[in-house]
Amino acid sequence: MPSSPALSPATLPDAAAAAAGDPAPASSAAPAAAVAAAPTVAEDQRTGMSASTLRRAVLDHLQYTRAKDLLNAHYLDLYHAVALAVRDRITWRWMATARTYEQQDVRRLYYFSAEYLPGRRLAENLFNLGLHNVAREELAHFGLDLDKVLEEEPDPGLGNGGLGRLAACFMESLATLNLPAWGYGIRYEFGIFRQEFQDGWQVEHPDPWLRNGNPWEIARPEFAVPVGFGGRVETWHTRDGSLRSRWVPAEHVIGVPYDTPVLGFRTDTVNTLRLWSARASEEFDLAVFNDGDYRRAVEQKALSESISKVLYPKDSSPEGKELRLRQQYFFVACSIADIFRRYFKKHRDLSRFADTVVIQLNDTHPAITIAELMRVLVDEHQQPWDRAWQLTRAVCAYTNHTLLPEALERWSLPLFERLLPRHLQIIYDINHAFLQEVHVRFPGDAARKATMSIIEESQPKQVRMANLAVVGSHAVNGVAALHTQLLRDRVLPEFAELWPDRFHNKTNGVTPRRWLLQANLRLADAISSRLGYRDWITDLDQLDRLLPLVEDPGFLGELRNIKRANKEALSTWAARTGGWRLDPETLFDVQVKRIHEYKRQLMLALYVVHLYARIKLHGEDIVPRTVLFGGKAAPGYVRAKQHIKLINDVASLVDRDPDVRGRLKVLFLPNYNVSMAERVIPAADLSEQISLAGMEASGTGNMKFQMNGALTIGTLDGANIEIREAVGPDAFFQFGMTEQDVHALRARGYDPAEFIQEDPDLAEALDLIDTGYFSPDEPRLHREVVQYVRELDPYMICADFGSYARCQEAAAQAWTRPASWWPMVARNILRSARFSSDRTIREYAEETWRLSAVKVELPDERDASLGVGSRGK
């Protein structure tokens, strides 16, 4: 529990006066004539935007919601009081938005995502409302620090990395652009795990982010949805001879929605993120409880509610696989039921369904949407099959986020049939009609049909969810130019040949409000002062106006000072948080992202070992460097966890060795999350985007680093290619093979030993690890990692290492030459408009969703509590 704020007794009369709304002292009172001439209209305490009204609202919530006063309140109480006062101001706009959408019967986007990684909301909402400085000043009046209040908010662990963070950026941009949208997902009780290191190994702990309550969400039990699993399918013929089916589930789980407002920047539009929590259909079996079998009485409740306990349960066991499928169907079924409920509030039939509804599938996790939508249309709303299929395709669009085959979602047919028997029937019917279409286009091509079939004829048979998503959607997109091309050419070429117009590209983006204004206020203020206004934060194309300053000494000096201040701030935080000593005078070289072999954290670790050997064994000097790692490995991903252990062992030895102190520092930051990213990214000098070419779909971390003035060292992979095009090849440190090179090398046969033999630096680094130099107590500990690289190396670290090392040296030398480095930094910042999520969302809205902006009109403040909002969302 945080300690109580230290308040001087001398401040208490002012605090009491503020709470009571007492007038100012006589010495500062306005002349009587002026008061008489200008009668005061008091602001509503729930909606008013002035400093004094916000102060009263915070103190009111502190007293009446938290039952505390300033003498005994902790910073947690103050966080809730400020958050609730801010939410009040959002809620007024939220209700007006819902009313506007309902009255105008607008076309709405429904964004289906298994992950959302929003980060802390209080700072974001203060910025978006224009109240950030007001809140800081008002708290300072009482001797309180806004930053300490903000630190009380936990990071909601509702995502694992880029996919969830992208969804959060998209939701913010949708609201900022006044586009009608709902986000749907799961309210994971524990979300992604909390990461700790024990003896260098990753250890996972539950992350109880809801432990102290969540002031942003509102439970909506009146809109709860029953979701079935298992059971049987009944069929019969109607009087006209048509065949009808009805699913009779064996069990039910209740989906309870929790709504969170998503506020746009300086707009009155507030969209909704609705997350579903699983509840048992019956709390417990009273008869069994009364018989004394207490455990069995609540067993079914525990099983039902496990659906929304944890993000991505470990799926190496049959039980884990089943839970993942249950999760995916659960949130899709709840969301589709919710869409139909809302639609039928305004409509008697389905004639306008495709005009008012569009569903975007964020990756393959929600692909069961296609089958569920068909089930609801055919079984519950008695639509003819062809009409139902026409509607399904018209409203669904699919974004693919991966080139990894294992991430394209396959479910064993026996599991699928046991949990979702009616959906399997529907998928078979979809597949039958689809394969007939393929046969007409490509008669006699059995191999093509086998590749494109939604059902994979393996043992056991598998349901290919990516194929289902492509077949059932009117639009399919990749998330970077190269990724989309590889989808067409390598991953789904048969589908692209059948439907070439269905495939298109939408390069990802990040919201500049979170990743520039909020994360790097110093830089945002510098840009505003040069432009003379702040509107650029919703129109990053205006940064082009500052391009003439890329050689301006004054501007470049300001950028240098900002980077130094950000590095000092990160160093101070690191010392306070973990006792880690960072030197702002060194080059900050950063790789923070999900730990996966294809992202090649191991290659950076090998380069660190090479730098260490240069200093320790060869007596060379290097450009002083601090290397920061961050990210989590999936609990069941053994090899990735071995890489974390190796990096921590290297960091530990480097940190203890006085011979390298001041020249090389390595730190793996534990429990990397959005809030940590907001500290790390603005402080980075060099951004490591080093995946094997052809493996990264897009990446968004690369965009955040670029936007904050870090230069990229990277391969021509994902959105790196487009970043290099934007900033110019001389402001991007490129190395390694192209995707075509990788493809050709695999085709002729890749032997890592060939490259190790030709690169003595790489061989030396591998030998040092293999002989236990970094694990003297367990000399053989990392031998398996080394052997895997020497013999297999599927992500071709050895083939790229020499080019990478040369590029690293070039980057280090460039960093020592300010006259060339800082113009490159300026160009990266000022050419980041292409990577704003606002641009991405505009492209989706115009080309895929056919979505138009809707202006929200606020009611008079005095009517805010008189039912102006929608009667139900």
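Predicted model: local features only at pLDDT ≥ 70, side-chain atom pairs only at ≥ 80, totals over all residues.
Local features are taken at pLDDT of at least 70 and side-chain atom pairs at pLDDT 80 or more, while totals for chains, interfaces and linings use all residues. Residues are numbered from 1 along each chain, and side-chain values use heavy atoms, without hydrogens or water.

In soluble globular proteins, nonpolar side chains tend to be buried together. Here the largest nonpolar core has 134 residues, with Leu-664 and Phe-733 making the most contacts inside it; such a core joins buried Ala, Val, Leu, Ile, Met, Phe, Trp, Tyr and Cys residues through side-chain atoms within 4.5 Å, buried being under 20% relative accessible area with a 1.4 Å probe, protein chains only. Helix 24 (residues 601–616) supplies the largest share of this core, 12 residues. Apart from it lies another core, of 112 residues, including Trp-209 and Phe-495.

The second largest pocket is lined by 27 residues, of which Arg-136, Asp-147, Gln-518, Ala-519 and Arg-679 lie nearest its centre. A pocket is an open set of points on a 1 Å grid over the protein atoms alone, where a 1.4 Å probe fits, with protein on both sides within 12 Å along at least five of seven lines, and lining residues have an atom within 4 Å of a point. Helix 23 gives the most to this lining, with 6 residues; helices are DSSP runs (H or I) of at least four residues, numbered from the N terminus.

The structure holds 0 disulfides, a disulfide being a pair of cysteine sulfur atoms within 2.5 Å. Cys-334 is buried, because its relative accessible area is 0%, and its sulfur lies 17 Å from the closest cysteine sulfur, in Cys-396, which is too far for a bond.

Note on methods
Buried < 20%, exposed > 50% of the residue type's maximum accessible area, 1.4 Å probe, protein only. Helix = DSSP H or I, 4+ residues; strand = E, 2+ residues; numbered from the N terminus.
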